Amino acid sequence: MVEESMSTSVLPATDSAVAIRRRAWREFKDRLAKYGVAMGGMSVIFAIVLIFFYLLYVVFPLFYGADIEQHAEFNLESQNVQHLTLNEYNDIGSMLTMQGKVRFFNANNGQTILEPRLPVPAESTITSFSKGASSTGVFAYGLNDGRVLVFKQDYKISYPQGNTRKITPIISYPMGEDALVLDSQAQPLTLLSVQSNDEQTTLVGLTQDKRLVLKRFEREQDFMDEELFTIKQKTAEILLDNRDTQTHLQLDIDQRELYVVNDKGFISYFDISNSDAPRLIQKIKAVPSGIDITALEFLTGGISILAGRSDGQIDQWFPVRDDNNNYTLHNVRSFNNQTAPITTIAPEYSRKGFLALDTSGQLGVYHTTAHRTLLIEPLVEPGHALMAISPRANGLITMTDDGQTKLAYIDNEHPEVSWHSLWEKVWYESRDKPEYIWQSSSASNDFEPKFSLSPLTFGTLKAAFYAMMVAVPLAIMGAIYAAYFMSPRMRTIVKPTIEIMEALPTVILGFLAGLWLAPLVEGNLPGVFSIMIMMPIMIVLTAWAWTKLPATLKERIPDGWEAAILIPVVIAVGVLSMLASPTLELWLFDGNMPKWLTDMGIGFDQRNSLVVGMVMGFAVIPTIFSITEDAIFGVPKHLTIGSLALGATPWQTLTRVVLLTASPGIFSAVMIGLGRAVGETMIVLMATGNTPIMDFNIFEGFRALSANIAVEMPEAEVASTHYRVLFLAALVLFMATFIFNTIAEVVRQRLRNKYSSL
Amino acid sequence: MTNKSFSSWYKSGSPWVWLNAGAVSISLVMVVGLLLLIAVRGLSHFWPADVMALSYQEPGGEAITLIGEAIDTEEVSALRLKSTGVDLPEGQASAQRHLLKVGNRDYFGLDFRWVNGPWMGEISYPTDIVAIERREWGNFYGYLTQVKQQHEVVADGDNAWQELQTRLIRSNDLVAQAKKIEKKDIGEINHGLEQLRLEQRRLQLAGVPEGAIQYQEIEQERKQWDVRYSDLQQKLFDLNTALNRDQIMVRMSDGREVEIPLAKIVEVIKPNAMSVWDKLGFYGHAVWKFVSGEPREANTEGGIFPAIFGTVMMVMIMAVLVTPFGVIAAVYLKEYATQGPIIRLIRIAVNNLAGVPSIVYGVFGLGFFVYFIGGNIDDLFFSAKLPAPTFGTPGLMWASLTLAILTVPVVIVATEEGLSRIPRAIREGSLALGATKAETLWRTVLPMAAPAMMTGLILAVARAAGEVAPLMMVGVVKLAPALAVDTIAPYLHLDRQFMHLGFHIYDVGFQSPNVEAARPLVYATALLLVLIIIVLNLAAISIRNRLRENFKASES
């Protein structure tokens with residue numbers, strides 16, 4: 001029978017060549033589809049997962065330590081070398097000796113490039129040496145007759161043959177080739193410090209008879225002629241305690257402060273901004289007895305000093321202003337990863353990091369703001385050694401006393417970031433106390449970037465908190481009503497409205513918040529609070545009045561339409577509150593509530609958290625509403641019917657049965673709403689002042705993580721620390737929302753299983 | 001008695017029910033109120049409001065005349081008024097204050113002026129006030145006195161109005177011609193020259209020695225372009241001379257008479273002389289100008305066509321990208337993958353990605369698409385153009401891709417839901433008839449799930465159209481010099497930056513120098529965006545509802 005029907009079929013026989021070929025082809029297509037879909041599906045999923053890994057990939061380099069790689073080693077024949085430098089491209093080094101010799105050499109092999117002769121007067125000998133701030137390239141030799149020779153080292157870059165760079169070292173004399181008289185009594189200078197810029201040059205020297213002599217040369221430009229200028233000299237003298245032996249002398253780059261260190265471990269801090277009358281501000285014992293200060297350097301910017309100690313610890317000090325505007329030195333942070341006496345400290349040129357070398361030959365790489373030790377590694381033979389870092393902080397040259405010289409490359413891209421600098425209070429330079437600050441960039445070159453994510457995270461949480469304060473009660477109560485009491489016909493109106501509410505672009509909400517609501521709230525603040533207070537009261541009163549209405553009227557409107565009855569009440573309360581606002585303001589707040597608040601000590605911004613809370617609450621309501629409504633609506637009917645049959649009122653059934661069963665669902669709704677509030681960008685960007693302050697005041701603004709990313713990301717330089725920190729902020733947001741959502745999702749899945757088992 | 005019944009009423013939980021109902025009412029009032037607010041403010045922007053003339057006397061000053069549109073009125077308490085220097089008579093707690101748009105920014109400094117009610121004198125609506133929409137400096141209000149040609153009076157008094165209308169048509173025509181030359185013809189020449197420069201650079205990169213025949217050919221071509229360019233320059237110059245022929249004299253509210261060249265005028269109306277029907281006609285015309293025109297004056301005036309176009313282009317490209325990938329991923333998850341803990345985990349992850357903040361996608365798009373992929377594309381294919389980036393900079397393509405990744409979870413979730421609603425019986429029936437799995441999918445399952453996919457796609461599009469935060473990083477600009485589609489090959493320029501409605505709102509509302517003047521335009525833009533999104537969402541909702549009905553029918 002089957003055979004028969006087959007043979008009469010119009011199709012080819014099952015075993016015919018055509019049919020076999022066709023079957024094979026179909027099978028092939030089937031397999032193709034299978035693998036194609038699998039491939040496509042997995043690649044889409046992979047692409048989604050990629051987001052997380054890409055963010056991680058960008059963020060990760062922030063937490064690498066430093067790395068050092070030795071590049072060249074050679075011996076330089078020389079004695080008594082006092083100072084080393086390395087140029088920007090790590091190819092030319094220079095050394096300065098106590099004999100007044102300068103030698104520029106190829107940093108890769110030690111070949112001499114240039115050996116200029118300094119005009120050291122033949123009759124004098126060099127007794128001291130000083131270097132100005134590294135970025136200026138200024139040096140000075142102190143002579144045995146109280147005179148000083150100031151000179152400057154620079155590099156000229158030219159491109160004689162197209163693309164090949166040629167660097168020529170130059171020595172110049174900003175104060176002329178003649179030695180300057182520092183000590184009028186012509187005593188030998190045992191210690192010297194120099195700083196020089198285009199406007200002025202300051203020299204401070206310690207004479208053999210322990211007088212501190214100071215001389216400042218101010219250059220006064222003629223307004224008419226650029227070539228013409230006069231130099232004004234100012235001198236001062238400070239008598240020091242005769243019993244002390246001074247070991248270090250340091251002038252800051254702005255020539256306002258002077259630090260003197262003695263062999264008993266005291267730091268004396270002088271204010272020399274008025275060079276006629278230097279003033280001792282503080283003399284402080286900086287180290288315990290038995291320990292010496294073995295190295296003293298300024299951190300770039302000239303605000304902090306770094307004191308290297310004989311026990312290997314390095315202390316950072318800077319002057320801190322107290323309430324009476326007096327400055328005192330504070331030991332702000334210490335690094336104690338090295339154990340041998342510190343011989344050389346080399347601060348970086350443009351970041352707040354530094355390198356330190358100790359007598360055991362260990363090198364430490366540090367960053368002050370982040371309080372981070374990036375590397376401790378043996379670099380040279382034990383003993384005394386000199387060290388110089390290149391301006392880009394990627395090269396390092398060291399020389400031991402016997403002339404053994406090493407060039408090494410440093411890989412240290414992001415020292416500014418650590419757990420401490422991101423999340424904890426950090427004591428920044430020129431600040432009174434440790435603080436949380438976000439300030440990522442500034443026009444100044446030696447700026448200390450402040451990458452604290454705390455105020456931003458705080459802003460995000462503050463926004464989310466106030467938004468949830470508005471959204472959670474409204475959304476959950478609304479959802480309870482919609483799922484449990486509302487008439488089906490009204491549901492068909494309400495649900496799409498809520499869905500449209502969810503779809504409203506946040507840029508529109510943000511725009512309304514910033515340009516319409518914020519001024520409105522500012523002008524009618526008492527009205528806003530009156531709405532919040534009066535609304536529930538009026539609703540309950542309306543409900544009470546409703547019960548008193550004659551039954552005939554009540555029956556016109558069936559159960560489940562209470563919400564519709566209340567709409568005019570809501571509108572009336574809103575309008576009346578707004579109308580009454582000026583009167584209330586006059587009665588209670590002297591006619592101007594924002595001003596009244598400010599007088600009370602509560603800060604008030606026009607774009608504040610109240611506005612954000614209201615508008616972001618509005619944005620979050622639909623999310624929470626829909627999920628809660630689903631959860632309550634999904635509670636199996638036999639539970640409620642059972643409860644009602646046992647005589648419970650609908651409200652009792654709701655609170656004792658329905659809400660308890662649905663509570664995990666409501667919890668997950670809140671979590672998802674929270675996730676949305678945390679990540680919301682446009683509303684917080686437009687409706688707040690975007691100032692990163694940490695204050696829970698509802699009348700002030702904040703800066704949220706998301707808005708911060710939106711504002712700063714387009715300007716961040718690719719692969720810079722700032723760029724990566726912004727990626728970290730994005731990663732934090734991603735993780736936070738992902739965790740909230742995952743918890744919510746897992747809870748919901750369990751709830752669904754529970755419902756189906758009930 | 002009453003008290004007791006109140007407490008028993010309270011115990012019954014009834015007030016709580018009402019409070020819950022109140023929450024719904026509040027939500028409804030907020031949504032509807034917000035939409036109404038946008039609609040009213042947005043729509044009223046185009047209405048040619050009457051222009052009032054009023055005499056205004058500040059205490060101690062002389063009475064002056066102000067001409068302007070009434071924009072806003074507010075009630076201010078006496079105390080606040082006092083701080084601005086207004087003393088109300090004893091016993092009066094508050095007074096009205098009106099915001100007047102007085103225009104003439106180039107003469108008065110500000111477009112807007114607050115006038116205090118107590119100082120206002122007589123208000124009239126003279127029919128001969130003209131409102132002039134200018135290409136620069138905003139609106140102008142005053143009385144037309146003369147029409148001039150080459151600074152010689154050709155018409156004055158009542159004739160001036162008629163004369164102005166005919167001459168305005170001519171000048172607007174000339175402006176359009178000049179614009180066409182500037183945009184299209186000169187744009188082509190610039191493109192041609194740029195191509196030649198790139199060709200030359202390519203030759204250099206390929207190592208062709210200097211002075212080779214190819215360079216001479218390029219030089220030849222460049223000369224041709226230069227000749228065309230100077231022709232066009234001449235043409236433009238002639239047009240501009242013709243444009244500068246006519247002027248009008250207008251008297252301002254303070255009696256000064258000023259000259260306005262016709263070249264600077266878009267449109268002149270006499271709002272007080274217009275009937276309601278005239279105004280309605282003008283309203284339609286203004287709306288059309290708004291949606292089809294180009295922005296002027298740092299986006300605070302003119303139309304928003306480029307922003308509409310940019311939004312539509314981006315959303316369309318995104319839809320093309322997101323649909324196949326979303327559907328394939330959903331089909332894989334639902335039909336092919338072995339259902340187990342891993343797939344469950346993936347499903348949760350996909351669900352959650354819909355909740356990840358959009359700014360995170362923007363950061364990802366900027367880092368991965370723009371800098372990483374875009375940078376590599378430039379190195380490989382557009383090295384002649386470097387260091388000016390082609391794809392290594394924010395642009396239309398990256399914006400679409402970023403939003404595609406952002407919305408793909410929406411499509412996946414919706415499609416999966418659609419697939420899971422299809423009864424097993426249908427699938428099994430198809431398989432029992434001998435169809436392979438692929439055939440079952442292609443012929444029966446997917447067509448049935450099509451509405452679900454459609455819903456997902458519409459929701460994705462609605463979300464993408466309203467999203468701004470990520471776009472700020474991957475391609476949106478406040479003013480795009482050219483549309484992404486034009487007459488120069490390859491016609492669709494995916495590397496170009498574009499304008500977007502949502503970003504337009506942010507930019508004009510918060511970054512523009514004259515926020516007050518731009519505000520009505522922002523409301524109008526917001527209204528347009530809201531309308532687009534509501535229409536899309538309603539479509540999605542209705543498709544979904546119909547879908548549910550269909551399945552109810554097929555299940556029963």
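Domain bounds, as I use them here, come from an automatic or database domain assignment. On that basis, chain B splits into domain 1 (52–126), domain 2 (142–273) and domain 3 (306–555). The centres of domain 2 and domain 3 of chain B, taken over C-alpha atoms, are 40 Å apart. Their contact draws 6 residues from domain 2 of chain B and 4 residues from domain 3 of chain B, where contact means C-beta atoms, placed from the backbone, within 7 Å.

A word on the source. This is a predicted model, in which local features need pLDDT of at least 70 and side-chain atom pairs count only at pLDDT 80 or more, while totals for chains, interfaces and linings use all residues. Residues are numbered from 1 along each chain as its sequence is written, and chains are lettered from A and ligands numbered from 1 in the order in which they are written.

Next, a helix pair across the two chains. Helices are DSSP runs of H or I, at least four residues, numbered from the N terminus. On the α2(A) side the contact uses Ile51(A), Tyr54(A), Leu55(A) and Val58(A); α10(B) supplies Phe364(B), Gly367(B) and Phe368(B).

Last, helix α9 of chain A, residues 562–588, has a kink of about 45° at Ser581(A), shortly before Pro582(A). The bend is the angle between axes fitted to the seven residues ending there and the seven starting there. After α9(A) comes Asp590(A), with a positive phi near 55°.

Technical notes:
Contact = placed C-beta atoms within 7 Å.
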